[in-house]
Amino acid sequence: MDERVEVTLNINGEEYQLEIGKRWTLLYVLRDVLNMTGTKYGCGTGDCGVCKVLIDGEPVNSCTYLATRAQGKEIITIEGLSKDGRLTPVQQAFVETGAIQCGFCTPGMVITTTALLRRNPNPTREEIIAGLDNNLCRCTGYVKIIEAIELAARRMRGEA
Ligand code: FES
Ligand code: FES
């Protein structure tokens, strides 16, 4: 049996004190312990990006990240992005441009985009494509997703 350890995790601005398995992934803790199911489970091997969360502002695949390692860091999931029930500019742009079809990749895409635009508020199309390198979408062909990111970036710069 997996050895149990006590951890304190800071998720979306709240502290959670939990007893967890030493080898449990952050994704498992989010979805199966805390019932935060906005973060999706796809491949489980770090290849598809649907499980992305922000850890200290960086997008990370939570399916290959041990929960114990996340102690002392700021974890933001898709549930923690919007404030007061209002969508973020990135979320709004995904909705408006039709960048969501089945929606399974969307939380991971939004998390990655949020970090990308904080780091680079005016990305070129090539930089956007490179930024989505670890996020797979089986539905959209990426065209609408790229449009959404460009729209969000323009709005966040006050140009649209
Ligand atoms: S579920 Fe984590 S990268 Fe696919
Ligand atoms: S919208 Fe279906 S996987 Fe991206």
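Asp 56 is partly exposed in this predicted model, its relative accessible area being 46%, where buried stands for under 20% relative accessible area, exposed for over 50%, and partly exposed for values in between (1.4 Å probe, protein chains only). Asp 56 belongs to the loop between strand E3 (52-55) and strand E4 (58-61); helices (H or I, at least four residues) and strands (E, at least two) are DSSP runs, numbered from the N terminus. Although Asp 56 is not a glycine, its phi is positive, at about 50 degrees. A positive phi in a residue other than glycine is also found at Asn 12, with a value near 50 degrees. Asn 12 is placed in the loop between strand E1 (4-11) and strand E2 (14-21), and with 24% relative accessibility Asn 12 counts as partly exposed.

The model is a predicted one, in which local features need pLDDT of at least 70, side-chain atom pairs count only at pLDDT 80 or more, and totals for chains, interfaces and linings use all residues. Residues are numbered from 1 along each chain as its sequence is written, chains are lettered from A and ligands numbered from 1 in the order in which they are written, and side-chain values use heavy atoms, with hydrogens and water left out.

Two helix pairings involve H5. Helix H3 (residues 106-119) packs with helix H5 (residues 143-156) at an angle of about 40 degrees, their axes being 11 Å apart; axes are lines fitted to C-alpha atoms, for helices over the stretch in contact, and angles run from 0 to 180 degrees between N-to-C directions. H3 and H5 are therefore oblique to each other, given that angles under 35 degrees count as roughly parallel, over 145 as roughly antiparallel, 65 to 115 as roughly perpendicular and the rest as oblique. H2 and H5 pack with their axes 8 Å apart and at an angle of about 135 degrees, and are therefore likewise oblique. The crossing of H3 and H5 is right-handed, and H2 also passes H5 in a right-handed crossing, a crossing being left-handed if the near helix is turned anticlockwise from the far one by less than a right angle, and right-handed if clockwise. Within helix H5, Ile 145 counts as buried, at 0% relative accessibility.

A salt bridge is taken as a side-chain nitrogen of Lys or Arg within 4 Å of a carboxyl oxygen of Asp or Glu, and by this rule the count comes to six. One of them joins Glu 96 and Arg 155, whose closest N and O atoms are 2.7 Å apart. This pair links distant parts of the chain, with Glu 96 in helix H2 and Arg 155 in helix H5, 59 residues apart. Glu 96 is partly exposed at 43% relative accessibility, as is Arg 155 with a relative accessible area of 31%. Another salt bridge brings together the side chains of Lys 22 and Glu 3 (3.7 Å, N to O). Because Lys 22 lies in the loop between E2 and helix H1 (26-33) and Glu 3 in the segment before E1, this pair ties together parts that are 19 residues apart in sequence.
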